[in-house]
Each structure stands twice: as structure tokens, then as C-alpha cells.
Amino acid sequence: MVTKTIDLRSDTVTKPNEVMRAAMANAEVDDDVLSFDPTAFRLEAEMARITGKEAALFVPSGTMGNLISVMIHCEVRGSEVILGDNCHIHIFENGGISTIGGVHPRPVKNNKDGTMDIDLIEAAIRNPNFEICYPKTRLICLENTHANTGGKCLSVEYIDEVGVLAKKHGLKLHIDGARIFHASVALGVPVNRLVQAADSVSVCLSKGLGAPVGSVIVGSREFIARARILRKTLGGGMRQVGILCAAALVAVQENVEKLADDHKKAKALAEGLNNIKGLKVDIASVQTNILYFDISEDANITAHKLINQLEEHGVLMMADSSSRIRVVLHYQISAADVQYTLACIEQAVNGTPFKNGH
Ligand SMILES: *Cc1c(COP(=O)(O)O)cnc(C)c1O
């Protein structure tokens, strides 16, 4: 009998816990569009401190955080941004930087580790002496961890190198750090050091950190002052937003230390999957809380069939293709949930009847 759902579809599915709900209920609030909400200010000050930037701004989503950042760095319509061809901004944000921001994307191939080759980035920078035909390159975007390549960490050395390149050509550097805390924990490098070379960073609070809503962007005081105005323009100014920021503060204070455990559970799941005939995970590629596993052709099951069978037993996952499944760990999945999940998968793949209770 299924009594509980084990939701491995994403780390966005975390639900606010009791501490967060209590903090929300007791939050001191005021009108944040008029810049009076004390709890929003507390969260923003804390995020600026953690990331080592001058200022921060709470935004409703990571998508809006990236859009605002790109639009500010590329203030002249028709400017160009260099970004990974497999990055979230390019793939999953409705092309908003173009349709709303008037910014032209210049995708560069993402490697399997989430990087773009430095020489390919440099080659993509437009020659400013041919402005009769070329848009002007103004920005480079990196993503850390890199979601679509399976939560890969960009090293501080790599980011610094891109930062040097950006400076050399007078460009800005934005990091989509939706999961920057995961990278920091996995690499053992403090967040402020990891993003030192960046002019701006967007950080998700509602993924692995477990807040119900929101992201934060960080940068210089001037950048954030302009971001505050653009957030209002885009309809992202919110009034008593301290209710949400109170939960986000708990997330940042209490849940960062749980990420290492999420990475361990991902590794344990990956190792368990590799022991099941017909399934394969590249263990070395599991660096943080995201993993992909492949179902071999001679296995007697497709990704979609496996997912349907697991759902009957309360285990939720998402298919990436007919032979590939994505799994994302977060703090509301226990080590026992991982073992239960493995048992369910093994029985589904082997076609034996389920015998586990949960
Ligand atoms: C989830 C995510 C975003 C966007 O966040 P939303 O809050 O869903 O808009 C941006 N970048 C990356 C890498 C993400 O994983």
C-alpha cells in the first residue's frame, strides 16, 4: 500500500516545512514596491553578504532574475549575449531575452561538464569594427551548477578565466546560479569566491534550498537599483513580500548544510541503479543532486513504462527520452526513500511483482 509520495521529478517540488511556515506567519512586513518591507531587506542583505556583492533583490522566479540581469547588462536593444547552447536561459525561458529584452543570443557549444571552451567564447565575441553588420557583444552568461548536463559544477578556476576574458573585451559576466549553493558545497569553495568574477548572479531559493517561492539577484548597488525598477516594469514588484522572504531566510540559514547529504543520496542512488541489470549511470558524472540514468535496449521496459509503474508505488520521476530518466534529490527525500526507490525500480525492470510496503 502506498502511503507516501517520493517525488524525484525536481528539487522545485519541496514543500515549505514547519519552521518556514512559522516564520511566514510571524513575518514583519510592509510595502516592498515602495521599499519598506523589513523582511525583504533582511533576506537581501543576507544574500549580498553570502555572495560577496554590494546588493541583492528578491524576484519572483529565476527566469525573471535572469531576464532582468541580461536586460540590464545589454541595455541597448540588439546587443548580443554569449551563452551555452544547452543552458537554461537559452532552452527553458521562452526566449524572453529576445522577445522581451531585445537581446540577441549567441549560443556556444556546451561541453558535457557544462563549460564552453574559452577559445570558442572568444571567437564568438563580435569584432566591434564591423558594427554595420554585427550586433555588439556585451555579456557572457555561465550556469553553475549546469542543470541540463546533470548538475555539473563549474570550477572557480574556469569561472575566473571567463571573467578575465570578459574584462579583456569590456564585457559583463552573469552567472545563472540557480543551484550555486550546490556547486559551492560540492566543490568546497565558498559562494562569494565562486562568483567573485561575476557582475551579477541569479540564485534560486525555491529549488534545493526548499523555499516556496523566489530567487535573488545580486550585483553592484547601481545594478540592483536598476533591477528594482525593471522588476516593477516586468510586473514583478510585490507588496508584503516579506511573507515569502521569511521562508527564504529559513531556507538559506538551515538548508544549505543539508545539500551535501543530497549529493550523497544521489551517489547512492546512482550506484544502486548501476547494480540493476539493464540500467546504466555514469557515476563520475554525478557531482551534485541531479542524475540521469539510461535504460539499455535489451531491457524489457521503456522509460515511460517504468515511470508509470513507479508512479503506482508513489515514486515520481521524469523521462528525458524513451530510454533516459532524470532524477533530482532534495532534503525531503530520505536515505530510506532512496532504498525503497531502488527496490521498486529493480522489481519493475525485472518484471517481478512488487512486494515492498512503504
Ligand atoms: C530552475 C532554473 C531557472 C529558473 O528558475 P524558475 O524559478 O523556474 O524561473 C534558471 N536556471 C536554472 C539553471 C534552473 O535550473
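Author: Ile132 sits in the loop that runs between helix H6 (118–124) and strand E5 (137–143); helices (H or I, at least four residues) and strands (E, at least two) are DSSP runs numbered from the N terminus. The model is predicted, so local features need pLDDT of at least 70 and side-chain atom pairs pLDDT 80 or more, while totals for chains, interfaces and linings use all residues. Residues are numbered from 1 along each chain as its sequence is written, and side-chain values use heavy atoms, without hydrogens and water.

Ile132 counts as exposed because its relative accessibility is 73% (exposed means over 50%, buried under 20%, partly exposed in between, with a 1.4 Å probe and protein chains only).

Now to the ligand. Its surroundings are Ser61, Gly62, Thr63, Asn66, His88, Glu93, Glu143, Asp176, Ala178, Arg179 and Lys207, where near means a heavy atom within 4 Å. Helix H3 (residues 62–73) gives the largest share of this shell, three residues. By type, the shell holds one nonpolar, five polar and five charged residues (Ala, Val, Leu, Ile, Met, Phe, Trp, Tyr, Cys and Pro are nonpolar, Asp, Glu, Lys and Arg charged, the others, Gly among them, polar).

Some side chains come within polar-contact range (N or O atoms within 3.5 Å). Thr63 places a polar side-chain atom 2.6 Å from a ligand oxygen, and an N or O atom in the Asp176 side chain is 2.6 Å from a ligand nitrogen. For Arg179, a polar side-chain atom lies 3.1 Å from an oxygen of the ligand. Of the 380 Å² of accessible area that the ligand has on its own, the protein covers 83% (Shrake-Rupley method, 1.4 Å probe).

Key:
A polar contact is a pair of N or O atoms within 3.5 Å; within protein, one must be able to donate a hydrogen and the other to accept it, and residues adjacent in sequence count only if both atoms are side-chain atoms.
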